[in-house]
Amino acid sequence: MQDMSQALNFGKSVADNGWGMFNAFLSYKLADQGKQFVKIDKWYPSSKTCHICGDIYKELQLSERTWTCPKCNTMHNRDDNASVNIKNKGLEMLSA
Ligand SMILES: [Zn+2]
C-alpha cells in the first residue's frame with residue numbers, strides 16, 4: 001500500500017485508509033463465511049522467530065532470505081517461517 005501511494009503521489013493517509021478499508025472488507029468477508037479476522041501485533045518478530053524451537057534470531061537482516069536457527073539448526077525460508085509463526089500466533093490468540 002505504501003509503495004502504491006508513493007508511486008501514485010497519494011499521501012500517507014490514503015495508504016492508511018486503504019489498509020484500514022482492506023482490513024474492514026476482509027473482516028466482513030470472513031464473518032460472512034463464519035470465520036474470524038485476527039490481527040497480530042505489528043511488532044511481533046514473525047521472521048526472526050524459529051517456528052520449531054521458538055528461539056529469536058535477533059541478528060536476522062532484511063537481505064537474508066534464508067537462515068539457519070542457531071539453537072536447533074533448522075534451515076528456514078524467511079517468508080515460509082514467518083507465515084507459520086503468524087498462523088500459530090493467530091490460533092493462539094483465538095484460543096485465549
Ligand atoms: Zn530453532
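The protein has three helices and two strands. Read from the N terminus, the order of these elements is α-α-β-β-α. The model is predicted, and its mean pLDDT is 90, with 84% of residues reaching 70 or more.

Consider next how the residues are packed. Of the 96 residues, 6% count as buried. As for contacts between residues at least 6 apart in sequence, 33% of them join residues at least 24 apart.

Two residues in loops can be looked at in detail. Arg 65 is found in the loop between helix H2, residues 12–32, and strand S1. Is Arg 65 buried or exposed? Arg 65 has 10 other C-beta atoms within 10 Å, and because a residue with 12 or fewer counts as exposed, Arg 65 is exposed. Leaving aside residues up to four places away in sequence, Arg 65 touches Asn 77 and Arg 78. Arg 65 and Asn 77 are twelve residues apart in sequence, yet their C-alpha atoms are 6.1 Å apart in space.

Asn 73 lies in the loop between strand S1, residues 66–68, and strand S2. Asn 73 counts as exposed because it has 10 C-beta neighbours inside 10 Å. The backbone at this residue deserves a look as well. Phi of Asn 73 is near 70°, a positive value in a residue other than glycine. Most residues other than glycine have a negative phi.

Key. Residues numbered from 1 in each chain as written. Predicted model: local features only at pLDDT ≥ 70, side-chain atom pairs only at ≥ 80, totals over all residues. pLDDT = per-residue confidence, 0-100. Helix = DSSP H or I, 4+ residues; strand = E, 2+ residues; numbered from the N terminus. Buried ≥ 20, exposed ≤ 12 C-beta atoms within 10 Å, placed from the backbone. Contact = placed C-beta atoms within 7 Å.
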